[in-house]
Amino acid sequence: MSAPGVQLIPSSEEIMKILTRTAAFREGHFVYPNGKHTAHYFQMPLAFRYYDTARVLAVALSRKFRVERDIASQLPKISIISPASGGIPVAFGVRDALNAEQIYWAEQENGKRAFRQYVNQGEINPCIIVDDIIRSGHAIEETVELVRALGAPIIGCGAIVRFTSAPDSIAGVPIKSLVEFDEKYYDSAEACTDCKKGAPEEHVRF
Ligand SMILES: [Zn+2]
């Protein structure tokens, strides 16, 4: 037990244990719709189906933001923004932990990212963009464009897991994460070591 008031952030190993226990992280032989093969698979919503786990993860991420002077000084007049549905439970959890005033989330509509809320110019507080996992960073990049077009400054960005192949900063702010994961893909079955071993494959949708 830590002393009251000491805000500890769980280690990457502790976070990975939670993700493994909830099956949000699995090892095996996976094939993506784009034909790539991997030995690891993250399905983050599985960790967020348990309230207690969701809370631990969101509170841990919120602590990475709270220590930033530029963020702490603007609370509670900030907004938490999710680029997609996967980030919504993260956004609500971080909002709760920071007591932030606003929350927004975006969706893909006809191939274009848009806010689910009808947002007007100037309505969004200085914002923190959060997601469950950052694989390529494209969703975050598109959300940055959306937010900037609406005139809101971006003061933070983060996710529970960030693949190290994704950007580590965006719009001039560093991307915070609880786990930095060095994901290895094989571009084809021919290149995949699990295929060579004849391991049964599991096709995944995302
Ligand atoms: Zn394979």
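Modeller: Seven strands make up an open sheet of mixed pairing, in the order E5-E4-E3-E6-E7-E9-E8. Strands here are DSSP runs of at least two residues (E), helices are runs of at least four (H or I), and both are numbered from the N terminus; two strands pair if DSSP finds at least two bridges between them. At the edges stand strand E5 (112-115) and strand E8 (169-170), each with a single partner strand, so one side of each has no neighbour in the sheet. Strand E3 (residues 79-82) runs parallel to strand E4 (residues 102-109), and four bridges join them. Within this pair, Ile80 has Ile103 in E4 as its bridge partner.

Helix H2 (residues 51-66) packs on the sheet, where it touches strand E6 (127-134), strand E7 (154-163) and strand E9 (173-181). The direction of H2 makes about 135° with that of E7. Helix H4 (residues 88-98) also packs on the sheet, touching E3, E4, E6 and E7, and its direction makes about 165° with that of E3. Touching rests on contacts, meaning C-beta atoms, placed from the backbone, that lie within 7 Å; the angles run from 0 to 180 degrees between N-to-C directions, with axes fitted as lines to C-alpha atoms, for helices over the stretch in contact.

The model is a predicted one: local features need pLDDT of at least 70 and side-chain atom pairs count only at pLDDT 80 or more, while totals for chains, interfaces and linings use all residues. Residues are numbered from 1 along each chain as its sequence is written.

The largest nonpolar core has 48 residues, and Leu61, Val94, Cys127, Ile128, Ile129, Val130 and Ile160 have the most contacts inside it. Such a core is a set of buried Ala, Val, Leu, Ile, Met, Phe, Trp, Tyr and Cys residues joined through C-beta atoms within 7 Å. Buried means that 20 or more other C-beta atoms lie within 10 Å of the residue's own, exposed means 12 or fewer, and partly exposed is in between, with C-beta atoms placed from the backbone. E6 gives the largest share of this core, six residues. Ile128, leaving aside neighbours within four places in sequence, is in contact with Phe65, Ile71, Ile78, Ile80, Ile155, Gly156 and Cys157.

Ala23 is exposed, with 12 other C-beta atoms within 10 Å. Asn99 lies in the loop between H4 and E4; its phi is also positive, near 55°, in a residue other than glycine. Asn99 counts as exposed, with 10 C-beta neighbours inside 10 Å. In the loop between helix H3 (69-72) and E3 is Pro76, which a cis peptide bond joins to Leu75, with omega about 0°.

Methods
Contact = placed C-beta atoms within 7 Å.
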